[in-house]
Amino acid sequence: MEVRSENIQVRCDKLPAPVIPRTRLQVWFLRVCSSILLWTCLVQLVTVGELWHPKIFPNLSNRIRWFKNVPRQVDLVVQSPSPPVAPRNYTSNGFLIVSCNGGLNQMRAAICDMVTVARLLNLTLVVPELDKTSFWADHSNFEDIFNVRHFTDSLRDEVRIIKRLPKKFSRKYGYKPFQLPPVSWSNDKYYLQQILPLFSKHKVLHFNKTDTRLANNGIPLNLQKLRCRVNFRGLKFTPQIETLGYKLVRILQERGSFVVLHLRYEMDMLAFSGCTHGCTMEEAEELKRLRYAYPWWREKEIVSEERRSQGLCPLTPEEAALVLQALGLDKETQIYIAAGEIYGGEKRLAALRAAYPLIVKKETLLDPEELQSFHNHSSQMAALDFMVSTASNTFIPTYDGNMAKVVEGHRRYLGFKKSVLLDRRKIVELVDMHQNGTLSWNEFSVAIRLAHEKRLGQPTRRKVIADKPKEEDYFYANPQECLCEGANCDDLLGLDNSSEVQ
């Protein structure tokens with residue numbers, strides 16, 4: 001019996017100790033500590049790597065350095081870190097999905113409008129989808145261009161923004177949201193009376209078009225100010241884009257003052273507008289074929305010279321050179337061309353380069369490796385041009401497209417920085433008169449300057465044209481509600497400057 005008892009004791013001693021189950025709090029605490037330790041090690045590794053070899057972890061180290069190297073002289077809308085805002089507490093009426101269409105700046109304005117609509121209707125907004133099917137075929141997502149975290153956090157005191165729908169409303173689970181394009185240039189009453197009731201039947205709405213779906217005027221002041229807040233404060237480019245954008249501006253500023261020429265003489269614009277002045281017959285035919293290839297470009301048969309005489313064509317590089325000279329820009333002026341590929345290539349830029357040898361582009365200022373990840377991403381390229389245009393001493397667009405208008409509005413917000421808003425109808429008339437010998441150079445130059453004395457981005461009120469929103473001034477080109485307060489507006493913008501046309 002004794003021996004047996006000892007055997008039992010031995011076996012008991014060899015049994016494993018009972019496992020005490022960990023609580024969820026302990027598991028969470030261990031994970032947090034592990035994450036902190038890993039990140040600390042990674043930062044130390046990058047620091048040591050930079051000391052021994054600056055090419056180790058280039059992308060990560062670039063992002064870390066970005067926070068230290070933002071140039072102080074760059075004149076941009078730079079958001080300084082602010083304490084997080086408390087989220088607005090409201091009962092959501094449903095979820096809003098929006099698919100933006102067009103180029104970068106058309107989509108930018110649309111995002112501002114859709115945030116405003118979501119706020120008006122007490123909706124939960126899903127991070128907007130960007131256009132991937134247009135002429136540019138750019139497959140960038142929202143997070144490839146804009147800082148998503150900043151976007152959602154900085155606006156959460158106004159509207160709830162989520163990255164994706166709850167699973168039960170996901171397309172993967174067979175849910176089909178109700179799709180519609182809102183009516184263009186609609187006011188707040190349309191959304192309250194026509195769109196909001198749809199959420200009683202459909203929990204999720206999908207706006208499949210978003211361009212110019214909110215009116216320029218007649219919108220409550222708090223909503224107009226929200227549009228500005230999203231535009232100037234809520235939409236921030238990614239660190240990768242901002243790093244290169246700031247670098248471009250720094251390079252240009254180190255060489256002195258500079259002018260940005262937004263030369264919209266690109267294939268898509270010429271095909272869309274039907275403007276072929278200065279093109280060969282073969283080029284005109286190529287542009288016409290392209291116009292017919294895109295069904296959403298509605299106008300097909302266009303008489304180029306008629307359109308040009310109405311001021312509806314972008315200036316050619318040759319016309320732009322004459323105008324810059326007439327405006328008095330010195331030959332040594334540093335000119336940055338904000339554009340994609342110029343139609344006709346370097347051959348079409350010959351006259352402009354002869355007049356202004358110091359012409360540069362992002363492709364000539366940056367190393368090819370720095371732009372490698374931007375290739376085939378036209379919206380990301382446009383973001384770089386946007387930053388440079390906003391920071392320039394003078395901005396001169398040769399066509400009043402979306403980028404020209406949105407940049408103009410940003411420059412007004414920055415203190416009414418000089419933007420030369422070209423009167424193309426007057427310009428082509430004067431150019432033709434000069435070239436056929438009717439006007440001498442001096443007469444031409446004086447006429448050009450007189451035509452633009454009051455078109456330099458000075459404070460003014462938006463022109464309102466009842467029932468013709470396409471012809472009136474665009475909200476994002478002159479967001480006057482956000483440029484002054486109360487009685488100061490009359491002093492700044494003038495009492496009789498509001499050209500309301502009936």
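Here are a few friendly notes on one helix contact and on the aromatic rings in this predicted model.

1. Start with the pairing of helix H4, residues 104-120, and helix H17, residues 378-391. Their axes lie 9 Å apart and cross at an angle of about 80 degrees. Angles of 65 to 115 degrees count as roughly perpendicular, and H4 and H17 are therefore roughly perpendicular to each other.

2. Which residues make this contact? From H4 come Leu104, Asn105, Met107 and Arg108, and from H17 they meet Ser379, Ala382, Ala383 and Phe386. Sorted by class, the contact of H4 with H17 has 5 nonpolar, 2 polar and 1 charged residues.

3. Next, the aromatic rings. The count of aromatic pairs comes to 12. Phe142 and Phe151 form a tilted pair, with 5.0 Å from centre to centre and 45 degrees between the planes. Is this pair buried or exposed? Phe142 and Phe151 are both buried.

4. The rings of Phe142 and Phe151 also belong to a cluster: ring pairs link them with Phe146, Phe237 and Phe386.

5. Finally, two places where a charge meets a ring. Arg160 has its charged end over the ring of Tyr90, 4.5 Å from the ring's centre. Lys405 lies over the face of Tyr474, and here the distance to the ring centre is 5.4 Å.

Terms used:
Residues numbered from 1 in each chain as written. Predicted model: local features only at pLDDT ≥ 70, side-chain atom pairs only at ≥ 80, totals over all residues. Heavy atoms only, no water. Axes fitted to C-alpha atoms, helices over the stretch in contact; angles between N-to-C directions. Helix = DSSP H or I, 4+ residues; strand = E, 2+ residues; numbered from the N terminus. Parallel < 35°, antiparallel > 145°, perpendicular 65-115°, else oblique. Contact = heavy atoms within 4.5 Å. Nonpolar A, V, L, I, M, F, W, Y, C, P; charged D, E, K, R; others polar. Phe/Tyr/Trp six-rings, centres within 6.5 Å; stacked < 30°, edge-to-face > 60°. Buried < 20%, exposed > 50% of the residue type's maximum accessible area, 1.4 Å probe, protein only. Lys NZ or Arg CZ within 6 Å of the ring centre and 35° of its normal.
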